[in-house]
Amino acid sequence: MSAFSLPPFYPVVDSAQWVERLVPTGVKLIQLRMKDKPLAIMQQQAAQALALCQRYAAQLVLNDYWPIAITLKIPFVHLGQEDLQTADIQALKHHNIAIGVSTHDHAELEKALAISPDYVALGPIFPTTSKIMAFGPQGIARITEWKKHVGPLPLVAIGGIACEQAAACLKAGADSVAAISDITQNPSPEERAREWLKATQLVDKPA
Ligand code: 3NM
């Protein structure tokens with residue numbers, strides 16, 4: 001298993017520019033999730049994001065483009081279910097790259113658990129416009145159900161979560177809460193990230 005630690009909150013962003021804005025706020029982990037960009041641009045953005053994270057002692061998670069993670073030695077990837085089918089899991093493990101996997105129903109959860117991931121994500125907890133999906137909102141109770149199923153494996157809650165709902169997600173059993181729009185669409189994203197950090201510290205977890 002790879003060395004990583006999942007903080008109770010992390011932002012998901014689509015560019016190195018966002019990484020540059022948010023890592024100085026104190027976020028300990030940030031996911032770079034780029035879509036529909038030329039490969040060379042994604043590689044360059046990922047390299048820039050990695051350098052920024054290293055400067056601020058934050059962990060970078062790269063969404064989907066796992067060969068870039070191997071090339072750039074990014075220690076952490078997040079895979080959607082489609083990428084789970086095609087990714088070279090053995091190569092990622094060989095390079096000591098931690099793997100997180102998105103899940104939306106029990107069948108997907110079983111597929112994720114079959115590769116012994118380092119965490120699984122459940123979503124969307126609430127309605128979201130940030131990702132087009134065949135799955136409707138899961139609701140908070142589903143977090144508790146997932147946590148019972150995965151046991152000590154870290155669980156991330158994602159999808160439509162606002163800062164004010166983060167503590168409830170953690171109390172329901174999530175080990176971490178991830179968000180895009182509540183931060184990037186806020187008029188003051190850096191300030192909002194600081195609010196998230198505060199709201200997710202010291203939340204009492206279920207026994
Ligand atoms: N994955 P926001 S929901 C990237 O359910 C992502 O797998 C999801 O964005 C899943 O915080 C989602 O703006 C979008 O809702 C999260």
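User: How are residues numbered, and what is the mean pLDDT of the protein?

Analyst: Residues count from 1 along each chain as its sequence is written. The model is predicted: local features need pLDDT of at least 70, side-chain atom pairs count only at pLDDT 80 or more, and totals for chains, interfaces and linings use all residues. pLDDT is the predictor's confidence in each residue, from 0 to 100. Where pLDDT is low, the predicted coordinates should not be read in detail. Here the mean pLDDT is 95, and 97% of the protein's residues reach 70 or more. The model scores ipTM 0.99 and pTM 0.96.

User: Which peptide bond is cis, and which residue has a positive phi although it is not a glycine?

Analyst: Most residues other than glycine have a negative phi, and most peptide bonds are trans. In this model, the bond from glycine 123 to proline 124 is cis, with omega near -15°. Proline 124 sits in the loop between strand 6 (119-122) and helix 7 (140-150). Helices (H or I, at least four residues) and strands (E, at least two) are DSSP runs, numbered from the N terminus. Aspartate 36 has the positive phi, about 55°. Its loop lies between strand 2 (29-32) and helix 2 (39-55).

User: Which residues come nearest to the ligand?

Analyst: A residue is near a molecule if its C-beta atom, placed from the backbone, lies within 6 Å of it. Of the 18 residues around the ligand, the nearest are Gly123, Thr128, Ser130, Gly159 and Ser181. The shell divides into eight nonpolar, eight polar and two charged residues. Ala, Val, Leu, Ile, Met, Phe, Trp, Tyr, Cys and Pro count as nonpolar, Asp, Glu, Lys and Arg as charged, and the others, Gly among them, as polar.
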